[in-house]
Amino acid sequence: MTRALRKARHGAVLTFVLAGLMCGTFTVRLPALADRLHLPESAVGVTLLSWGIGALLAMQLMRVVLARIGSRGVLRAAAPLCAASLVLVAFAPSFPVLAVAAVLFGMAFGAVDVGMNAQGSAVERAYGRPVMSGMHAGWCVGAISAGLIGTAAIALGLSLTAHILVVALLSVPAALALSRLHLPDPAPETAPETAPETDEAGRASARARRRLPGVVYLLGAVTFAGFMVEGVVADWNGLYLMGTLHASEAVAALGYPVFEAGMLLARLAGDRLRGRYGARGLIMFSGAATALAFLAVISAPVTVAAVAGLFFIGLSVATISPMALSLAGTATREPGPAIAQASAMGYAGLLLGPVVIGFLSAAASLRVAMGVAVVLGVVIAVAARLLPASRTEIIPLPVRSASKDEDEENEDKMVRLRTAA
């Protein structure tokens, strides 16, 4: 294993940490921003929706952009832009400006999200074993850090604008430094030259090569369901604990950190579990476990049992989206477009989940509405059975570094990677 490859893995993990920090800072300080602008809850919902729509738009564009400049080029431009757009959010003087700033931040973050997952796939291919789940653990670290830093900023009396500005100013040089560690994406497959009389056939062949295989959309559906479960917990666990189980506000505030703690532990162990049991088997188990854990939470008669259940939901759902995105990256020669498609489908679930729960809660009850997550867990387990059970052998890229001598040395150092597909 080369030094450049180890640096690339560390760079990818730290990119996930940085993305979690920036996104977490936006989430943590949004209530204070709403208070400063005197926004009603509906306006806060529109702000979050604007962010999500921006992210989805960018993710769809990334199918084309990644094929042209690769994940390294995307991250080099998008990560600093993500920090800059976060500053626009902090300085927004009114709700319309905030909505526009949220769209721009969502677009920049969507590009970063797809870029870092595509970069993670490139590192995973070159590394020789599954490492994607550990990278997503970096996201949890960044999100938790955002919460702790936000709490410290509030305790120190730091203004909202100053807090976000400090995070953004530190994020820009960090993003630029990390971009120097990233690997190039796998080179696109080249088609043989086509004779003039078969130009139409050649164009048809090119379109067929650009078409994503069906398994990418199946993995996108798994990501959709996994993200939707995460969105249900993130947006509704506090209201469920307070409104249905009558917990105090302080106790209800523990729900999401407990869930994130379970996510972090599972993702730290996820790569070893995948290496032992295979991605297909682990996704099936995780989907079934998510359904059972969520069933326990909505059946819990007391708050303590429900909070403990949230920890087990975090353990169960944590590795589903990292494994699905990792498998999408191995479904084609170029991981970027496939990961962009699966990520876009996943974020659609993240946006749709809270809306569905809100409508069902109004029609029945919040306890009944959250039963949707039980169904999603079953859907994940069933969808995983349709994934190919075979193991796929991949020849990864040689590792390229900034040094010419190291580039020449690494050209001869290639490893064979076997990942569960």
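## Briefing: salt bridges, helices and cysteines in a predicted model

Glu 230 forms a salt bridge with Arg 267, with 3.8 Å between the closest N and O atoms; a salt bridge here is a side-chain nitrogen of Lys or Arg within 4 Å of a carboxyl oxygen of Asp or Glu. Glu 230 lies in helix H7 (residues 214-244) and Arg 267 in helix H9, so the pair ties together parts that are 37 residues apart in sequence. This is a predicted model: local features need pLDDT of at least 70, side-chain atom pairs count only at pLDDT 80 or more, and totals for chains, interfaces and linings use all residues. Residues are numbered from 1 along each chain as its sequence is written, and side-chain values use heavy atoms, with hydrogens and water left out.

**Chain overview**

- The chain has 16 helices and 2 strands; helices (H or I, at least four residues) and strands (E, at least two) are DSSP runs, numbered from the N terminus.
- Of the 421 residues in the chain, 52% are buried; buried means under 20% relative accessible area, exposed over 50%, and partly exposed in between (1.4 Å probe, protein chains only).
- Among the chain's contacts with a separation of 6 or more, 84% are between residues 24 or more positions apart, where contact means heavy atoms within 4.5 Å.
- The accessible surface of the chain is about 18,400 Å², and 67% of that belongs to carbon and sulfur atoms; accessible areas come from the Shrake-Rupley method with a 1.4 Å probe, and for residues only the protein chains shown count as cover.

**Salt bridges**

- A search of the whole structure finds 2 salt bridges.
- Both Glu 230 and Arg 267 are buried.
- Glu 124 forms a salt bridge with Arg 274, and their closest N and O atoms are 3.5 Å apart.
- This pair links distant parts of the chain, 150 residues apart: Glu 124 is in helix H3 (residues 95-127) and Arg 274 in helix H9 (residues 255-277).
- Glu 124 and Arg 274 are both buried.

**Helix H3**

- H3 has 33 residues and reaches 46 Å from its first C-alpha to its last, close to the 48 Å expected at 1.5 Å a residue; the expected span is 1.5 Å times one less than the number of residues.
- In H3, 26 of the 33 residues are buried, so the helix is largely enclosed by the rest of the structure.
- Gly 128 follows H3 and has a positive phi, near 100°.

- Leu 49 is found in helix H2 (residues 41-90) and is partly exposed, with a relative accessible area of 45%.
- Gln 341 is found in helix H13 (residues 335-363) and counts as buried at 8% relative accessibility.
- Not counting residues up to four places away in sequence, Gln 341 touches Gln 60, Arg 63, Leu 212, Val 216 and Tyr 217.

**Cysteines**

- A search of the whole structure finds 0 disulfides, a disulfide being a pair of cysteine sulfur atoms within 2.5 Å.
- Cys 23 is in no disulfide, and the nearest cysteine sulfur, that of Cys 82, is 7.9 Å away.
- Cys 23 counts as buried at 8% relative accessibility, and Cys 82 counts as buried at 0%.
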